[in-house]
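Dear colleague,

I am handing over the structure we spoke about, and below it you will find my notes on what turned up when I went through it. Please read them with the model open beside you.

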Amino acid sequence: MPRCARRHGLPVGKGSRDKVCGVSAATTPPSPGRQGLAPPPDAAAPVRHPDAPAPGEPLGSHYDGCFGCGTGQPHGLHMAITAGEGVCVTAEFTVRPEHQGAPGLAHGGVLAAALDETLGSLSWMLRVIAVTGRLESDFVRPVPVGTTLHLTARCTGVAGRKIHSTAEGRIGGPDGPLAVRADALFIKVELDHFTRNGRAEEIKAALADPDQVKVARAFEVNP
Ligand SMILES: CCCCC/C=C\C/C=C\C/C=C\C/C=C\CCCC(=O)SCCNC(=O)CCNC(=O)[C@H](O)C(C)(C)COP(=O)(O)OP(=O)(O)OC[C@H]1O[C@@H](n2cnc3c(N)ncnc32)[C@H](O)[C@@H]1OP(=O)(O)O
């Protein structure tokens with residue numbers, strides 16, 4: 001059985017290494033469904049870190065080059081993310097013409113990126129560095145260019161290195177019509193996840209930037 005399928009407990013049958021439509025069958029198992037992302041019954045309730053930013057405080061960018069929140073990405077989402085109560089964050093993302101999929105409408109992948117960024121920002125509340133392992137999105141209604149999407153994300157449980165969370169995005173205001181939602185599983189990593197895997201050029205520049213090192217250090221000292 002392929003290692004990845006065994007590791008994630010996914011069903012893999014005979015011939016699973018065959019290609020289906022040019023994609024390895026082993027990489028396209030049936031989705032276990034939304035329940036697959038709910039925290040297990042023995043998961044711990046998320047705990048807000050004592051040094052987490054106060055509710056209402058802008059989180060700022062964790063990396064200038066980030067597609068989601070970086071100010072140094074001309075075509076990025078330029079998301080403004082704010083600490084919430086408990087282990088929650090809120091975010092705003094205004095869809096620009098460069099984010100289109102169909103004429104005048106946001107691309108689904110861009111909307112998924114906005115959800116991913118919002119969910120990833122829960123790291124600030126937990127003071128844990130984590131990367132997206134799995135992200136399952138629902139696109140409930142089209143999102144026109146010019147729309148400001150109001151997003152919220154909440155951590156739903158922590159089981160070892162696994163951080164379960166959920167997010168939604170509403171059109172025009174926090175109580176506007178629901179447009180997108182997602183459930184996610186983030187996996188806690190150490191800082192060396194980035195230094196080992198990132199392209200040397202960007203890693204070198206990040207480590208030479210005192211502001212970036214300050215952000216990284218804040219997460220590194222997490223007990
Ligand atoms: C120097 C510069 C530093 C810059 C950064 C500084 C600070 C950052 C601070 C703050 C960040 C703030 C905001 C962030 C905002 C947004 C960020 C967006 C987030 C992203 O956009 S991030 C990019 C996309 N993301 C990836 O690029 C991940 C690629 N991937 C991997 O790197 C590995 O795949 C990894 C590490 C995920 C796991 O690898 P691994 O070897 O460490 O661990 P392992 O495989 O053993 O998994 C452990 C347990 O998780 C289960 N598990 C794993 N994956 C699963 C899955 N997909 N589904 C179901 N379960 C899964 C296993 O089943 C096992 O479960 P069990 O323990 O029960 O067996």
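This is a predicted model: local features need pLDDT of at least 70, side-chain atom pairs count only at pLDDT 80 or more; totals for chains, interfaces and linings use all residues.

As for where β5 sits, it belongs to an open sheet of six strands, arranged in the order β3-β4-β6-β7-β8-β5 with antiparallel pairing. The edges of this sheet are formed by β3 (80-83) and β5 (130-139), each of which pairs on one side only. On average, and ignoring direction, neighbouring strands of the sheet are turned by 20° against each other. In general, strands of a sheet pair through backbone hydrogen bonds, in either a parallel or an antiparallel manner. Here, β5 is joined to β8 (residues 178-188) in the antiparallel sense over nine bridges, and within that pairing A184 of β8 is the bridge partner of L135.

Helix α2 (residues 108-120) lies across β3, β4 (88-94), β5, β6 (148-159), β7 (162-171) and β8, and it runs at about 130° to β5.

L122 counts as buried because 26 other C-beta atoms lie within 10 Å, where the cut-off for a buried residue is 20 or more. Leaving aside its neighbours within four places in sequence, L122 is in contact with V87, V89, A153, C155 and S165. Of these contacts, A153 is 31 residues away from L122 in sequence, yet the two are 7.3 Å apart in space, C-alpha to C-alpha.

Finally, there is the annotation to consider: an unreviewed UniProt entry places the feature "domain: Thioesterase" at residues 104-170. In the model, that span is 27% helix and 46% strand, and its end C-alpha atoms lie 18 Å apart.

How values were computed:
Residues are numbered from 1 along each chain as its sequence is written. Two strands pair if DSSP finds at least two bridges between them. Helices (H or I, at least four residues) and strands (E, at least two) are DSSP runs, numbered from the N terminus. Axes are lines fitted to C-alpha atoms, for helices over the stretch in contact, and angles run from 0 to 180 degrees between N-to-C directions. Two residues are in contact if their C-beta atoms, placed from the backbone, lie within 7 Å. UniProt positions are given in the numbering used here, feature names are shortened, and annotations may be inferred rather than shown by experiment. A residue is buried if 20 or more other C-beta atoms lie within 10 Å of its own, exposed if 12 or fewer, and partly exposed in between; C-beta atoms are placed from the backbone.
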